[in-house]
Structure formats: C-alpha cells, structure tokens
Amino acid sequence: MWKIELQKFADATGIIAHVHHYPPGTSKWNKIEHRLFCHITQTWRGRPLTDRLAVVELIAATTTTTGLRVESALDTHTYEKGIKVTDAEMEALDITGDAFHPEWNYTIRPRSDRANRSS
C-alpha cells in the first residue's frame, strides 16, 4: 500500500521519490532516530504514558540545548484495514529498484515521466 500511495503522490506532484530503508533490525544505523529517541525518553522519564495524547504531547515537548525541537501531532484519522493491492496495481507502478538491495531501496517516478522517457 505504501508504494501505491507513494506513486499517487509522485503522480500528483511530479516529484521523483527515492526511497532508502535500513534493513530490518538496524534502526541503530538511522542517525536521526538514534539521536532523537534518547532525548524523547529523557523528556517523558518518570511521567506516566496514560494515553496516546500524553505520548504525543511529551514527544512535542522534547528540546535540546543545541536547538533540537520536535513537532508531533496525534493522527485521529481512521484507516481502512485489509485493503488488498492487486498484481495489476503493482505492475502499474513506475518503480525502479536500486542496485543495492532493491527490495529496500528504489525510485518511484511520476507516471507522466514514463511516457516522456519512452519518446
């Protein structure tokens, strides 16, 4: 579903999306996550995480002396479960896997670009 929605975004905006994921179990390599999470946990240390809003507010209260400010918001939208993506929908994507682990790293281009590249 992520790739389908990313394709819709690329089509609507004309933006080429380069996606690079870390392999499973390697979040410690994600410098942003690694640097951010320690500050978030310090902010909510000793405070009860009573509900989702409390978590969001504590995350949003995270700052550092070096100027880090965190923004967060509670997404209250209800998302439909069990949406199936068909093989035809996947084949219609303008997606190119990268040379290094194409299952994690790929580029999605606006489908209007596909026609331009074929000409």
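A charge sits over a ring if NZ of Lys or CZ of Arg is within 6 Å of the ring centre and within 35 degrees of the ring normal. Please keep in mind that this is a predicted model, where local features need pLDDT of at least 70, side-chain atom pairs count only at pLDDT 80 or more, and totals for chains, interfaces and linings use all residues. Numbering starts from 1 along each chain as its sequence is written, and side-chain values use heavy atoms, leaving out hydrogens and water.

**View 1. Lys3 lies over the face of Tyr106.** The distance to the ring centre is 4.8 Å. Contacts of Tyr106 (heavy atoms within 4.5 Å), not counting residues up to four places away in sequence, include Trp2, Lys3, His18 and Ile95.

**View 2. Tyr106 belongs to the largest nonpolar core.** Its 6 residues are Leu6, Ala10, Ala17, Val19, Tyr106 and Ile108. Such a core is a set of buried Ala, Val, Leu, Ile, Met, Phe, Trp, Tyr and Cys residues joined through side-chain atoms within 4.5 Å; buried means under 20% relative accessible area, with a 1.4 Å probe and protein chains only.

**View 3. Asn105 is found in strand β3.** Strands (E, at least two residues) and helices (H or I, at least four) are DSSP runs, numbered from the N terminus. Asn105 counts as buried because its relative accessibility is 6%. Among the residues Asn105 touches, not counting those up to four places away in sequence, are Val19, His20 and Phe100.

**View 4. Helix α3 (residues 52–60) holds buried Ala54, Val56 and Leu58.** The buried residues of α3 pack against α2 (31–43).

How values were computed. Buried means under 20% relative accessible area, exposed over 50%, partly exposed in between (1.4 Å probe, protein chains only).
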